[in-house]
Structures are given as C-alpha cells and as structure tokens.
Amino acid sequence: MALSEADLVAAGAGRDAVPRRTKVIRPVAFSVRDLWAGLIGLSAYTDLLVVLSAHRLKIRYKQSMLGIAWAVIQPVALMLIYTLVFSVFSRVKTPGVSYAVFAYAALLPWTFFSTSLTNATNGLVSHAQLVTKVYFPREILPISYIVAALVDLLIASLVMTGLMVYYHVALTPQALWLIPVTLVMACFTTACALIFSAMQVRVRDIGMAMPLVLQLWLFASPVVYPLRQVPERLRDYYVLNPMVGIIENFRAALLGSPLDRHSLVISTVLSVVLLPVSYLYFKRVEATVADVI
Amino acid sequence: MSSDLTFSNVSKRYIVRHEVDDDATKHPWIRKLNALRKRKDEFWALRDVSFAVERGETVGIIGHNGAGKSTVLKLLANITAPTTGEIVINGRLSALIEVGSGFHPELTGRENIFLNGAILGMGRREIASKLDSIAEFAGVRAFLDVPVKRFSSGMYVRLGFSIASHLDPDILLLDEVLAVGDAAFQEKCLQRIEGLRRAGTTIVFISHDLAAVERICDRVILMRRGEVAATGKPRDIISLYQQQIEPSRINTMKTAVEDDRAVIQSLAFLTPSGLRPSVFHTGDPLLARIDYVAHHEIKDAVFEIFVRTGDLTEMCQLTTETSGSTINLPVGAGTLEFHCDELSLQPGMYHANVCVKERVASEAINWQYHAATLRVDPGRITRGQFYQSNRWKLLRAAHSGPSAPNGAAEVERAPNARRPSLTPTS
C-alpha cells in the first residue's frame, strides 16, 4: 500500500484540528445569496481551473503538426482575406493606418470572443461523462476555454507587434487602456459563455446556431470597418452591442487613435450587469444539469 | 459524536420525457409535430428519506436496482440537487463514483494524474507531493509519460482508483467501485478502504457486493422503492435483504411449465455434511440437493440446475444429461444430489433455476425459477472469470537425474485452506 497505516492514522488525528466546512444542499432556489456561495465554492477550485485551461491548450495541439502556430494562423488568415476584400477589391477608409494593421488589431479581440464562445457553448455537453460522475463547480468548464483563448490572444499579439514594426505604428501610453478593455471583454465573453453553455444542455440548437450567430455578430461589430462609417442615425442602436465598444476601443488603444468613450461605457455597464445575472442563471441550471444532460 | 452527513426529509423527482406517437400510419410531419409536445411523467427516485451518518462511521447502502441507492449518492456528492428536503455535509467530501471517469486519452499518465486529481478536488501542490505514491500504488511508474490511450484497461482502472484513494477526505462516498478490476485488485481496494476507515474517515459505501458490505460497514441501510426500508447491523440487514430475494418456500414461486407427472419441491445448496450455510466461498465444496415428487413413472429423466447472476447471465449448469447413466424415477418422493468438489464461482449473488425433463422430450416436465439463492464470498483469490481448481507439480531440471530424492514435489491444496482472513477492526 502506498500510504502506511501510521500515515493514515496521523492524518486522521490531525484532521480534527482543522475546523470543518459545513455545506448545506437545498432544492434549487434563485437568490443573490447563491451568487456569494457560488463564488466561495469556485475559489476552492482555482487549481482545477488552471489545470483544465492548460489541458485545453495541450489537447488542442496534440497530434497536430503546426501546434501552437494555429493560435496565429486563424487571425492572420482572416486578416489577409479581409485586406484583400476590403482594401483591394473595395475600399474601406482607414485614415492614418494600413488596412492590414487596422483589421488585425480588431481580429485579435474578435478571434478571442468567437473561439471562446464556439468552444465554451459545448463545454458542459461535451463533458457529460464528467458532469454526471463528479462534482466540481461546473462554470469551470466554459471558463477554462476562455482562459485558453486568452493565452491564444497573447500569442497572436506577437504577430501584431511584428505588423506594427513593419508599418511603423508606434505604441503610445494609450496602450494601457488595453487592460481595462480586455477585462471588460473577458467579463462579457464569460457572461455569454455561461448563458449559452447552460442553454445548450437543454436545447442543442444553440450550438447549431452558433456559427451563424457569430458570423452575423462579426459584421454587426466594427471589425472590418471603423465605427465612424456606421450612419449617425443608427449609431445609438449600434453601440448597444457590447462588442462594439470593446473592439473599437481595443483597436484605438493599440493603434493610438482616439478612444470612443461613449461606446466603452455602454459595453462596461452591460457586461458588469450581465455577468452576475448569467452566473446566477448558470448556477440554477447547474443544480439539475446531471439529470438532463 | 456529531453527524457528518444528515439527510432530512429528502425527496428527488425526475421528469421522464417520452417520445410518443410512433404510429407509422400518420404523416411524418404530423408525427414530428406531436413529438414536440412530449409526454412528461414524474418519477420519484426518493421519497422523504431521512438518515444521519456519524463521524467515523462506515455505512453501507444496499437494495435492488432502482431502489434509490445511486440517487442518494448523487445527492450527497452534490451532482444533482434534491427536489425537497435538506442535506447537511460536515467536512471535505470526496465521491468515487466511477473510476477513471475524468481521464483524457491523449494526455499522459502524469498529466492525467494532475487533471483527475484536480477534478476530484486536490490542489496542484498536493498532487505533486503524492505523484510518486499514486504511480507506485497503481503500478504504472514506468508509464507516466505515455498517453493513457496506450494503457491496458487494468492499468487504467488501477490508476483511477489510486488517484481517488490518495484523496484525504473527511467523508468518502463509494459506489460500486469494487465492481471493476479482478479479484486481487478488488482485495487491494478493500484493504485501502479499511485503512481509511481505521484512520477515522466517514464512509458511505454503496454496493451489490454483500460480502464487502458486511466486512467493512458498521451499519447498513436497506432501501426499497425510494424509501429507507430498514437500518441496523450489517448481518441483520443483509439477511433481511436476502430474505426478500430468497423465497422461503419454493411453491410460492411461479412455475412456468405445469405438468403433473413430477414436481420439484425444493432446491438447496448445502455443505457436504448437510449443513445449510448462508454463505459459500470460492473453492468451497458444495452440495446441491433437489427434492422432487413423481406422480407417474418417468423413464430416462434428466435433472438440471442453471446458475445465473442477478442480471440473468448464465454462469454454469449442473446436469445429469451427459453423465452417461440413466435415471428412471419410480412413483413417489425422492432426492437427487449434485456434489461439487470446489466451487468455481467468483464472489457474488446468484440465483438458481431447476428443472426436470425427459431426455427424449424437448419440453421440461417441471421448471422452478429462482428456486434458491447462492451467495458466494471471496475464498480462493483468483483473477479471471472463475476459479479453476488445480494441483501443481515442480519438476527438477533434466541434468539432476531421475535418481535424486524428492526430484519432483507434488503439492495438493488442502481443500479448506483459504487466504488468511483480514484482521478485524476494533
């Protein structure tokens, strides 16, 4: 046996010295107190989040020849296509900066968002085996995909540095805005991932619709065109899409162009409100997810 | 003594959705439309269940399939929430519901240890410090950097159990863990569980292996149709459970084939000396006794006993058909005995069906289903499907010559020599 009897007895003796945590399991309820309880429960599993996120990266690149380069290939390929379409075939005005840099700066946050959602939506369903056998806070499953996508974002940013050097775009102190903008983006992505992955358990149509939804969402966000090109009378509605404020300001922070504070405030407020609501919804679904999945 | 687990008036309802309307005469579109509003049925897996488990206690939960055992475990493990009632858990709880369920085939053994350990609630540091010990116990130290998809199923199971058994929980939930692996590995698991138990871990153990339940549990809860039917000492509750599945008199069982020429009145499993123990062990001698009454004279009769597991897999058959001799039954009552030198069955609960027929006829004269229950506990430890009785002989190498004294040692196992029993716990 791996552990000797003495070890076990010692462990048993030491056990009562540490105060035990008491857990009460009750029927599903919908209260703000659950939010707090959920976060406490989650904090005990941070190591699982780290291990699982690393696992996502490892798995993705096992038995693939290009490996981690795939984190770069996707945004770069999209950048090349969009440059061809929107700057050679038709002309989208991007004053002061080459279209390739302009597009890539927005494709970084967009690729993060779309990869996260595509993977996280299936996060619960693809782990049905685990979900019906072991308890851990289930939100870790979708969130681990977001953490992995964040690492991909960092890797893909290296190409951005190369592009900026090539096109002589200097990094300004405004780049510090990348931190709060990325934070807002992570909040919003997490909120969407929690909602979609929980809905996907009951209604598998969500996963089917996701590629289409993301395609529409891409063109409803200022990725291939600047926010300024959206007609003035539509803009009030247009900025209600939280990805507008996130992408426009991510690009502005990176390229040193003026920030659009109005849309950033809207994105921030929406994300901050949506995140706890989505978490409560997720926790409510979680309680009986093993019965349905 | 404080309670580590408390179940207070817990009920659990499942909604069962049926696919209705498979009437092929209807238009497929109409059927699709009807399928949208599926019929819902309620199913109460648990009804108003209350019990408590004290600190350091090992409690077994037994019952038929569908009695609610697994639901209790899922609720305790927090995998699903109760419909009504309240569950209080006092301490760090780990559930071992299916060994190796969190493994990823592409990852190496080492990576899977970290992943699985984290899923079960261990921290990275804790896993790192136990890594060697986990690999050692599972016997996969040399394969730590091989993807687990290249592991044999035995290695897979051993690694899974090894990780789980290195958790240091206050409360451990075990569900049919011992249903995996061979007898030797099951024995290793049981020893590990006994070690945890001596260390003061509170254990809830759900199993069909009544022998294991009796061996490690302080108290047993018998569940029946989602309710607690009885609670008490393992021996009492297990025999109560056995009485439920063992008919006290054979004629209470339904007879499939009615033919008044002969009736089997009872089937009993006995020791060679005629005693009727409640338990046999693998390797024990066994005597199966059939009492019958023949109302007509029957020429060239054949008696058969079929031994089946709980899920109706046929394990073996005892028959007089191929014995070469002829049995002619005169009118009147009689007894037929099968003598088995060594029981080959692995531990488990078995049912026996018995029949009498004429060799020439295809229909049996009399069939008795579930005529007797045979409970087999671990005896001869053996891997594989069944115990193969054997003798062995050691032969000297050829050059030592045939004249050497004791050149060949022949050893025959004493019929009742069994592995030493484990030390009872205080």
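1. Basis. The model is predicted, and local features need pLDDT of at least 70, side-chain atom pairs count only at pLDDT 80 or more, while totals for chains, interfaces and linings use all residues. Residues are numbered from 1 along each chain as its sequence is written, and chains are lettered from A and ligands numbered from 1 in the order in which they are written.

2. Interface. In chain A, 35 residues are in contact with 46 residues of chain B, two residues being in contact if their C-beta atoms, placed from the backbone, lie within 7 Å. Helix 1 (5-15), strand 1 (22-25), helix 3 (46-61), helix 6 (128-131) and helix 13 (289-292) of chain A each give two or more residues to the side of chain A that touches chain B; helices (H or I, at least four residues) and strands (E, at least two) are DSSP runs, numbered from the N terminus. The residues on this side of chain A comprise 19 nonpolar, 6 polar and 10 charged, where Ala, Val, Leu, Ile, Met, Phe, Trp, Tyr, Cys and Pro count as nonpolar, Asp, Glu, Lys and Arg as charged, and the others, Gly among them, as polar.

3. Pairing across the chains. Strand 1 of chain A pairs in the antiparallel sense with strand 4 (residues 84-90) of chain B over 4 bridges, and two strands pair if DSSP finds at least two bridges between them. Within this pairing, A:Lys23 stands opposite B:Ile89.

4. Helix 5 of chain A. The 23 residues of helix 5 (residues 99-121) of chain A should span 33 Å at 1.5 Å a residue, which agrees with the 32 Å between its end C-alpha atoms; the expected span is 1.5 Å times one less than the number of residues. Of the 23 residues of helix 5 of chain A, 21 are buried; a residue is buried if 20 or more other C-beta atoms lie within 10 Å of its own, exposed if 12 or fewer, and partly exposed in between, with C-beta atoms placed from the backbone.

5. Helix 4 of chain A. Helix 4 (residues 70-89) of chain A, with 20 residues, reaches 27 Å from its first C-alpha to its last, close to the 28 Å expected. A:Ala71, A:Pro75, A:Met79 and A:Tyr82 are buried in this helix. An α-helix has 3.6 residues a turn, so residues three or four places apart point the same way. Helix 5 and helix 7 (140-166) of chain A are among what covers the buried residues of helix 4.

6. Chain B overall. Chain B holds 8 helices and 20 strands, and buried residues make up 39% of its 426 residues. Of the contacts in chain B with a separation of 6 or more, 72% are between residues 24 or more positions apart.

7. Strands of chain B. An open sheet of 3 strands in chain B has the order 10-12-16, with antiparallel pairing, and its edge strands are strand 10 (262-270) and strand 16 (332-340). Strand 8 (residues 219-224) and strand 9 (residues 227-232) of chain B pair in the antiparallel sense over 5 bridges; they form a hairpin with 2 residues between them, and B:Arg225 in the turn has a positive phi of about 45 degrees.

8. B:His295. This residue lies in the loop between strand 12 and strand 13 (298-309) of chain B, and it counts as exposed because it has 12 C-beta neighbours inside 10 Å. Not counting residues up to four places away in sequence, B:His295 touches B:Asp260, B:Arg261, B:Ala262 and B:Val331.
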